[in-house]
Amino acid sequence: MIACLGRIVHVTEAEPRPDDDVSSISKSIDLQGSIESGGITGVAGKDFGGLYSVKPLALIKPSGAEDIARVVKAASRTSHLTVAARGNGHSINGQAMADGGLVIDMRSTEENHFKLLTINGSPYIDVSGGALWEDVLTRCVSRFGLAPRSWTDYLSLTVGGTLSNAGVSGQAFRYGPQTSNVTELEVVTGEGEITVCSETQNSELFFGVLGGLGQFGIITRARVKLQPAPDMVRWIRVVYSEFEEFTRDAEFLVTQKEGESFDYVEGFVFSNNDDPVNGWPSVPLDPDHEFNPAHIPQTAGSVLYCLEVALHYRNNDHPSTIDAAVSRLLGRLRFVERLKSQMDVSYMEFLLRVKRAEEHAKANGIWDSPHPWLNIFVSKSNIVEFDQTVFKKMVKDGIGGPMLIYPLLRSKWDNRTSVALPEGEIFYIVALLRFVPKGPSVEKSVVQNHEIVKWCIKVGLDFKLYLPHYQSKEDWKRHFGNQWTRFVERKASFDPIAILAPGQKIFKRTHQS
């Protein structure tokens, strides 16, 4: 999920330089992997957003960290080349692109690391930065009966990609984002150095890279915390007509102790109508269970709210035990009676739930449509105002995709990482996940995203873009606030001539001093 502020852009080809020769660069690097010429129609010149396209000089498929280090060092010997690490291409605004530069396909390194460790009695898994989270899940559960604690909703993302941003889903209220669930990284810095870092070893690099938008290093290995994987999940959706009651219950659930709440808490907004994508039909979990609008209170407005929760359990747990636990938790909530949907699925099915939506979208031909997505962290102090203006007015008819909203706890995030957050203990993630057919509606969606952000700034909301995308240094300074100086200092330490992640448009490449 990525913030979108840009416009639809086809970047013109970068002016050729004397050293822009793929074969000569390939010889100078001495790669163990492979290199191929870039192109605006190739995989390295586009991403999931479908809003930007550029022409890189080359796409490099490294064999491992040594190849990546060679590429970065080779770029540093030129006057202008940049390097972008590309995971599975799910950026929205060209963040993993390098116009006229070198794009590293991290997926070619996915098999380099997969090792179970036990440290002080606790299990961890060493995985490649280019591994997909869905593969980490499948292998850990099938081989060891273990799983990482914190996830994203969509798991066809690379480990290095999400750790460079945060990695958030319905477990983050308990365990924090994915950046709070790694204890060691192997990183190739902007100086081409392969460095192992952790909280106690090269800690400034460790915390800088986590949420660092790829600015300080490329993650080639991560040590991820594991826990025993449950067998099954009771998956439940309940509906609210009033935003204040929805937020009260969501905040209640995420602030309870472990064992006294659900294991997963998310939510979404939907239109109070029968639109098949944006309205009532988007709520039921069971396709055989129709949403009955007769139960909606007459006082309801243009939008309704769905709280989505899940409880983990084991195959040997008695059904009555699960029923009792769910009834006890639901009994404390104020959702609309009879507007509840639930089903029992395996733990794997639950975590891979968006994969099914992807398959459905591909079958319908909409997966490859443009995705002008917008993700924002909004302080609890401003979330009612945000609902009144954005949900109830600006997007009340829906956006052609999910409108997520759920609370997170700041105390579960480490303020030493590079992620920028609103103030206060409770803040909300809002994700407008649009699927838009090609044409004028794409530009219209991009403009609306821009209007939402401009409104947030104008009225003084305490907010931060998640997976941010800005065009000016002033906007980046405002985004990072009092963390900007630290961010700049980390850049000077680990990527002094700004070789890495040029697509973020934070720093400009400089000459070797």
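This is a predicted model: local features need pLDDT of at least 70, side-chain atom pairs count only at pLDDT 80 or more; totals for chains, interfaces and linings use all residues.

Reader: Where in the chain are F377 and W413?

Author: F377 is in strand β17 (residues 374-379), and W413 is in the loop between β18 (403-409) and β19 (426-432). The two residues are 36 apart, and the pair links distant parts of the chain. Strands (E, at least two residues) and helices (H or I, at least four) are DSSP runs, numbered from the N terminus.

Reader: Is F377 buried or exposed?

Author: F377 counts as buried, at 0% relative accessibility. W413 is also buried, at 8%. Buried means under 20% relative accessible area, exposed over 50%, and partly exposed in between (1.4 Å probe, protein chains only).

Reader: Why is the pair of Y470 and W476 edge-to-face?

Author: Their planes are at 85°, with the ring centres 5.3 Å apart, so Y470 and W476 are edge-to-face. Y470 is buried at 3% relative accessibility, and W476 is buried at 0%. Both belong to a cluster linked by ring pairs, which also contains F216, F480, W484, F487 and F507.

Reader: Which charged end sits over the ring of F114?

Author: That is R139, whose charged end is 4.0 Å from the centre of the F114 ring. R353 likewise lies over the face of F350, at 4.5 Å from the ring centre. A charge sits over a ring if NZ of Lys or CZ of Arg is within 6 Å of the ring centre and within 35 degrees of the ring normal.

Reader: Back to β17, please. How many of its residues are buried?

Author: Six of the six residues of β17 are buried. L374, I376 and V378 cover one side, and N375, F377 and S379 the other.

Reader: Which strands does β17 pair with?

Author: β17 pairs in the antiparallel sense with β19 over six bridges, and with β20 (residues 463-465) over three bridges, also antiparallel. Two strands pair if DSSP finds at least two bridges between them. L374 stands opposite L432 in β19, while V378 has F463 in β20 as its bridge partner.

Reader: And helix α7: why is it described as largely enclosed?

Author: Nine of the 12 residues of α7 are buried, so the rest of the structure largely encloses this helix. Among the buried residues are F243, F246, D249 and E251.

Reader: Lastly, what does S128 touch?

Author: Leaving out residues up to four places away in sequence, S128 touches T109, E110, N112, H113, V159, T220 and R221; contact means heavy atoms within 4.5 Å. S128 lies in strand β8 (residues 122-128) and is buried at 0% relative accessibility. A polar atom of the S128 side chain lies 2.7 Å from the backbone oxygen of T109.

Terms used: Residues are numbered from 1 along each chain as its sequence is written. Side-chain values use heavy atoms; hydrogens and water are left out. Rings of Phe, Tyr and Trp (its six-membered ring) pair if their centres lie within 6.5 Å; planes under 30 degrees apart count as stacked, over 60 as edge-to-face and the rest as tilted. A polar contact is a pair of N or O atoms within 3.5 Å; within protein, one must be able to donate a hydrogen and the other to accept it, and residues adjacent in sequence count only if both atoms are side-chain atoms.
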